[in-house]
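Take the sequence and the model together.

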Amino acid sequence: MLDVIVKGGLTVTPDETAEMDIGVLGGKIAAVTVPGVLTAEAGRVIDARGKIVLPGGIEPHAHIGIPIPEKWAGRPEAITSPPQKSSRAAAFGGVTTIIDFAGNFNFAPVTGPDQKPIMKSIEERRNVFKDHCYTDFAFHQILRGDELEAAPQLIDQIGEAIQDGLASFKIFTVHAPFRVPYGPLWAVFKEVAKNGGIMAVHAEEDEIVTYMIDKLKREGQDHGYNLHLVHNNLSEDISFRKILRLAQHTETGVYFVHATAKEGVAAIAEARSAGQPVYGEALHNYLEFTCEDYKKPDGTLIHTYPAIKYADDRDSLINGLLDGRLCTTATDEWTTHKDVKLAGQTVETVCGGHNGIETRLPVIFTKLVVERHMSLERFAAITSTNAAKILGLFPRKGVIAPGSDADFVLIDPSVTKKLTLNDLHADSDYSIWEGFECRGYPVMTILRGKVIVEDGKLMGNSSDGQWLPRKVSPGVLTQPVV
Ligand SMILES: [Zn+2]
């Protein structure tokens, strides 16, 4: 007997999108068939007629339950929304897997040599999420410039960490003490490449950013609405290209978190057409807003670092997702309350992050599938499949196929709703998506065969989420495969 049959939905698989039945057994997909073939009894039959059945959303970039810098929050000890709350919001938004971060999140620089071993960081983060997460989860390991300087031996642990199921390492080329200078970065890239991992890179040109902060301060122009002049197009152009050259020399696969400018999209596209294994992500707030919106009342609510840029940059990100130059969408999930988000008002103090983990799928469905006629296959790719492939979760996650985890989101394309705060489940008192008109909305989320959200009701449990070991397929690291 099957545990579940999802019956008659418009099902998006690698081969075709058609009305199909899906049989689930033991949390895995047992069969995907034309309708009516699965006649065996099932614990539950879900009538999915009229719905679109997609692989559960994968959020590749979230910052859950971590300290917020005092200079942003205006007070000490503020933290972003914890896993219990952010993963609940994610589940309501059709997300079944979250990739967050492990490592040292404190903004104070480290000085001593006693840095935590990498796998110890991972274990600590697993314990923060275990029994407090409605979705499955994994972590990119953050490697910081100050830590690599104090404890270069961290680089020697990369191989073992990859063996133990950690696939991706996150670095920043900006913002001391996180910024990793190019020397140690070269060593990190070599070691990650040698051991079959992938680099997740927040690239900005530190010297440009620092110069612009000083310049705007000098000129009395350092209000937060000028963030795009600091974290600017030139910075993205130069920094992306430096990273690409470093990756080329070291034969390292690169996942650029948040491309934000047409220059970044172009740099990624050129490298990909030259055969480099390079992948780019876009955040959904960057697909809607422009830097003009920063000037509206409370305009910096929309801000996530680097900075939202101009209309042609926004269009370049949208077109990149449509035509394949960009591969994934994410949110940079970072949920705070409005007072924290608005505490800092200058280009140095505006709080980053976006409480967006719930809205990504419906917003992108509306903007790209409904408005721009993106195919459902491509929508599945940029919300789930590509992240699974690039970050080492495929084929367990990201695909509706026999043997894969039975993670699904059912979208009802007939639902239209103008979002209000009441529709959303984040632990927050504002949403930048208030008033956004969704056409199509997630109505059911299924994690490993268990319905965790149904018709606006939470059915899952915070002990449902499991940590996911990851391994990037060698092909992903040889050439751009998605
Ligand atoms: Zn981030």
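Which helices and strands each supply at least two residues of the lining of the largest pocket? They are helix H1 (70–73), strand E9 (168–172) and helix H7 (206–218). Helices (H or I, at least four residues) and strands (E, at least two) are DSSP runs, numbered from the N terminus. This is a predicted model: local features need pLDDT of at least 70, side-chain atom pairs count only at pLDDT 80 or more, and totals for chains, interfaces and linings use all residues. Residues are numbered from 1 along each chain as its sequence is written, and side-chain values use heavy atoms, with hydrogens and water left out.

The largest pocket holds about 640 Å³ of space. On a 1 Å grid over the protein atoms alone, a pocket is an open set of points with protein on both sides within 12 Å along at least five of seven lines; a cavity is a set where a 1.4 Å probe fits but cannot get out; lining residues have an atom within 4 Å of a point. Grid points are joined across faces, edges and corners, and a volume is the space filled by probe spheres set on the points.

The pocket has 29 lining residues, with Trp72, Phe107, His175, Phe178 and Tyr305 nearest its centre. H7 gives the most, four residues. By class, the lining has 15 nonpolar, nine polar and five charged residues. Here Ala, Val, Leu, Ile, Met, Phe, Trp, Tyr, Cys and Pro count as nonpolar, Asp, Glu, Lys and Arg as charged, and the others, Gly among them, as polar.

A search of the whole structure finds one cavity of 30 Å³ or more. The largest cavity has a volume of about 50 Å³. Its lining includes Pro55, Thr96, Arg396 and Asp405. By class, that lining has three nonpolar, five polar and four charged residues.

Next, the helix pair. Helix H9 (residues 233–250) packs on helix H10 (residues 262–273) at about 20°, with axes 8 Å apart. Axes are lines fitted to C-alpha atoms over the stretch in contact, and angles run from 0 to 180 degrees between N-to-C directions. H9 and H10 are therefore roughly parallel (angles under 35 degrees). By class, their contact (heavy atoms within 4.5 Å) has six nonpolar, two polar and six charged residues.

Last, the backbone. The peptide bond from alanine 176 to proline 177 is cis, with omega near 5°. Proline 177 sits in the loop between E9 and helix H6 (182–194).

Technical notes
Angles under 35 degrees count as roughly parallel, over 145 as roughly antiparallel, 65 to 115 as roughly perpendicular and the rest as oblique.
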